[in-house]
Amino acid sequence: MPTHRRLIIAWLFVPMHRILFRISGGRLLGRLEGVGVLILMTRGRRSGKRRSSPLLYFQFGGSEDFIVVASNYGQDHHPGWYWNIVADPSVFVEAKGRRFAAAARITGGEERAALFDKVVATNARFAAYRASTDRRIPVVALRRV
C-alpha cells in the first residue's frame, strides 16, 4: 500500500472510525471488507495511557477467540498496539455491541501459520500485506476473561 494511503487511513479514517463505531455501539462500521471490526483498548507501554485501535477481527471453527493480525498495513514494523500487548496482555475489547476484558495471546508456530492462512483465505488483503514486508506478521488471539 502506498505511503500516502497509509497516512490518510492513519490520520483521517482511523480516528473517524473510532468515533462513529463508539457513538453507534458498533452498528456503524462494525463490519468492513466482509469481516467484523472491534476496538482494541490497550495501555501504552511507555505512557501508561489508554490507547484504542479499530481492527478487523476473525473467528474460526466455533472458537470464541477474536483473532487480530498485527499487519500494520504491510509496513516493516509492528503496530504500536502490538508492543502494548507484549508489555501488558490485559486488554479491553469492544465488539458486537459489547465491551469486555480480554487476555491477548500472541500465537506461534503451526497455530500462527494456520490462523494466518485462514485470515488470508477470508480476506486477501492480508496476503498483500505479507508480501510487502520481510517481517513475520504476528497473529493475536483475544479471549474474554
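Asn72 sits in the loop that runs between strand E4 (66-69) and helix H2; helices (H or I, at least four residues) and strands (E, at least two) are DSSP runs, numbered from the N terminus. The model is a predicted one, in which local features need pLDDT of at least 70 and side-chain atom pairs count only at pLDDT 80 or more, while totals for chains, interfaces and linings use all residues. Residues are numbered from 1 along each chain as its sequence is written, and side-chain values use heavy atoms, with hydrogens and water left out.

Asn72 counts as buried because its relative accessibility is 15%; buried means under 20% relative accessible area, exposed over 50%, and partly exposed in between (1.4 Å probe, protein chains only). Not counting residues up to four places away in sequence, Asn72 touches His77, His78, Pro79 and Arg135, where a contact means heavy atoms within 4.5 Å. From Asn72 to Tyr82 there are 10 residues in sequence and 9.5 Å in space, C-alpha to C-alpha. Most residues other than glycine have a negative phi. Asn72 has a positive phi, near 50°, and Tyr73 also has a positive value, about 60°, although it is not a glycine. Tyr73 belongs to the loop between E4 and H2. With 23% relative accessibility, Tyr73 counts as partly exposed.

Which residues of H2 are buried? They are Trp81, Tyr82, Asn84 and Ile85. Seen down the helix axis, these buried residues fall within an arc of 160°, so they line one face of H2; the arc is that of the directions from the helix axis to the C-beta atoms. They pack against E2, E3, E4, E5, E6 and E7.

Trp81 is among the residues with the most contacts inside the largest nonpolar core, along with Leu38, Val93 and Leu142. That core has 18 residues; a nonpolar core is a set of buried Ala, Val, Leu, Ile, Met, Phe, Trp, Tyr and Cys residues joined through side-chain atoms within 4.5 Å. At least two core residues come from each of strand E2 (35-43), strand E3 (50-57), E4, H2, strand E5 (90-95), strand E6 (98-106) and strand E7 (139-144). Another core, of 16 residues, lies apart from it and includes Val37, Leu115, Phe116 and Tyr129. Leaving aside neighbours within four places in sequence, the contacts of Trp81 include Leu40, Leu55, Val68 and Val140.

Together with Val86 and Ile106, Trp83 forms a nonpolar surface patch with about 250 Å² of accessible area. Such patches are made of residues with over 30% relative accessible area and no salt bridge, with like charges joined within 9 Å and nonpolar side chains (Val, Leu, Ile, Met, Phe, Trp, Tyr) within 5 Å. A salt bridge is a side-chain nitrogen of Lys or Arg within 4 Å of a carboxyl oxygen of Asp or Glu.

The chain as a whole has 4 helices and 7 strands. Buried residues make up 44% of its 145 residues.

How values were computed. Areas by Shrake-Rupley, 256 points an atom, 1.4 Å probe, with all protein chains shown as cover.
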